[in-house]
Amino acid sequence: MILVIAEQRDGALNRATWEALVAAQQLAGGDALKVALLGGQAGAAAQELAAAGVGEVLTVTDAALEPYTPDGYVLALAQLITSASPQVIALAHTYQARDFAPMLAARLTLPLVTDVTGITGSGTQATFTRPMFQGKLAAEVKPKTAGACLVTFQIGAFRADALKKGTSPSPMTNVAVTIDPSAIRQKPEAPFQEAKQAVDLSQAARIVAVGRGIKAQDQLPVAEKLAKAMGAELAASRPICDSGWLPMERQIGSSGQTVAPKLYVALGISGAIQHLVGMKGSRTIVAINKDADAPIFEVADYGIVGDLFEIVPALVAELEK
Amino acid sequence: MKIAVCIKQVPTREWQPRLRDDKTWIREQDASFEMNEPDAYALEESLRLREKHGGEVVVCAAGPARVQQVLREALARGADRAIHVEDESLGSADAFVTAGALAAAMAGEKFDLVLTGLQSDDQGHGQTGVVLAERLGIPHSTIIMEIQIDSSTGSGQAAGMRVKRELEGGWFQWVAMPLPALLTIQSGINQLRYATLKGIMAAKKKEIRKVARPDGLEPSQQIVALALPVRSKQTQMIAGSPAEAAKELVRRLREEARAL
């Protein structure tokens, strides 16, 4: 049996859970699939999961599981996994999974394979493809032990619309666990956004994004001119916003905005996976980079290898003809 | 406050991947190495906390002899001393082995706070910090963008802290937790300092305590093969001089892709 751990916040299911379910269906072969949902109460997210009819929904409800804490989740899931004994425990590679899955794996002494983009074989015999060296290499990885393992699936690597839904709703079962609230050491406050985002890049038809290749803040006008000539918004990868060269609200990637414009032009962006997840849904992607092996070229429709300080002004001149 | 910061040495950003003959690891002799970027931010944060609250910063690493380079660099930037779990096998170790090796070397030190980067730029499991917390029996929080130590007890002994966790899509969350604890640090939490000449000279006299790899550490996963990634798209590469390439790209964006 493959156990998928769903993710919800305030009763809303994280969309990446559907992708994890698709990956789990592929991993299961013909084997059974179950979905676990943790929280203060089962609510709408559990109904939504059951309605998809992909497998029994196990709800684990306890006041100590709301809000999310790694300690609370690990206490509950260690009990659930010990009693249900799944072959594989599957999750989406979200920030929340990154927060608790390694602790759960360490506590249960089970291998954890993270950020998986592909599966070969099924069940405990599977090998997994995952990026290494910032996406410069793809690794085939196999858990060392013959028993169960945990796997997290990279967001965007499996298509949620490929889910094979059941013909009838799945049963829901409440699983009782014992959580001592005093054993939860993290006391979270309510999530918040830093500032009202003035720029909604998700609505832009075209985006010109800059990365480390721009080298210095005073070189930004090179990219600004191209954005203007293309009628595009200016955006950036994380290191540029970290350095304060552009405001955080213009950051594309897992910690910033996710965009899918008609045209995305990546200037001097190597294409770390954290950036790619924020833009690889764009309809047409252009990459300009001096490094021919940069991972950005793997998602690009058009690529130019060369010096952006020579190519971008030539582009602006061409567009203004 | 006694602060540990765990750092890893990884191939530089400019490194072009070349594989060993058995295709299960890289040709390390071709690589040049540097401090893992999120770890550099963790180091900087530990130095800032020491400047504010006093105490000691101990930099810890598990890896082959080459790792001394980044330990010396951390000492030059201001760390007080270093612990090096040295073993050739640790260069390609998985997160369980690395965390196990670090935990054994760090357990007796009774650190108040342990900082790591959120993930490494080589294998990128994103597990070592959290597994280390579990092995040390202390609470953790991940992807941290700010640390506020609660020093209100007056005894100079901090009892707890409040940390700002990054969530996805521009959301954040404050989390209160007791000390000792472990935090994984996000890049960009601060502005990095660089080593001064004085720092580099001083680092030569600082202690690097070498520890052997403990027995009984079993890898939890193995790399069956490494390869260049398969392209998910057929990228059309456009060659020529800058002017020629620019002209051709604009033509294709207008006529083929209809994106302009």
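Axes here are lines fitted to C-alpha atoms, for helices over the stretch in contact, and angles run from 0 to 180 degrees between N-to-C directions. Helices (H or I, at least four residues) and strands (E, at least two) are DSSP runs, numbered from the N terminus.

Before going on, two notes. This is a predicted model, in which local features need pLDDT of at least 70 and side-chain atom pairs count only at pLDDT 80 or more, while totals for chains, interfaces and linings use all residues. Residues are numbered from 1 along each chain as its sequence is written, and chains are lettered from A and ligands numbered from 1 in the order in which they are written.

Now show the side chains at that crossing. Helix 4 of chain A brings Pro102(A), Met103(A), Ala106(A) and Arg107(A), and helix 4 of chain B answers with Val130(B), Val131(B), Ala133(B), Glu134(B) and Arg135(B). Two residues are in contact if their C-beta atoms, placed from the backbone, lie within 7 Å. By class, this contact has 6 nonpolar, no polar and 3 charged residues. Ala, Val, Leu, Ile, Met, Phe, Trp, Tyr, Cys and Pro count as nonpolar, Asp, Glu, Lys and Arg as charged, and the others, Gly among them, as polar.

The axes of helix 3 and helix 4 of chain A come within 9 Å and cross at roughly 45 degrees, so helix 3 of chain A is oblique to helix 4 of chain A. This crossing, too, is right-handed. On the helix 3 side, pick Pro70(A), Tyr73(A), Val74(A), Leu77(A), Ala78(A) and Ile81(A); they meet Asp99(A), Phe100(A), Met103(A), Leu104(A), Arg107(A) and Leu108(A) in helix 4 of chain A. The count here is 10 nonpolar, no polar and 2 charged residues.

A cis peptide bond joins Glu66(A) to Pro67(A), with omega about -5 degrees. Chain B has a cis bond to visit as well: the one from Leu179(B) to Pro180(B), with omega near 0 degrees. Pro180(B) sits in the loop between strand 9 and strand 10 (181-185) of chain B. While in chain B, click on Ile143(B) in strand 7: its phi is near 55 degrees, a positive value in a residue other than glycine.

Next, colour the whole interface. Chain B puts in 64 residues and chain A 68. Which element of chain B gives the largest share of its side? Helix 6 of chain B does, with 9 residues. The chain B side divides into 35 nonpolar, 19 polar and 10 charged residues.

For the next stop, select the open sheet of 6 strands, in the order 16(A)-15(A)-17(A)-18(A)-19(A)-13(B), with parallel pairing. Two strands pair if DSSP finds at least two bridges between them. Strand 16 (233-236) of chain A and strand 13 (236-237) of chain B stand at the edges with a single partner strand each, so one side of each is left without a neighbour in the sheet. Inside the sheet, strand 17 (residues 263-267) and strand 18 (residues 284-289) of chain A pair over 5 bridges, and Leu263(A) stands opposite Thr284(A). Where the chains join, strand 19 of chain A and strand 13 of chain B pair over 2 bridges, with Tyr302(A) opposite Gln236(B).

Helix 5 (residues 220-230) of chain A lies across strand 15 (206-210), strand 16 and strand 17 of chain A, at about 170 degrees to strand 15. Helix 6 (residues 242-255) of chain B touches strand 17, strand 18 and strand 19 (302-305) of chain A, and its direction makes about 175 degrees with that of strand 19.

Methods:
Parallel < 35°, antiparallel > 145°, perpendicular 65-115°, else oblique. Left-handed = near helix turned anticlockwise from the far one by under 90°.
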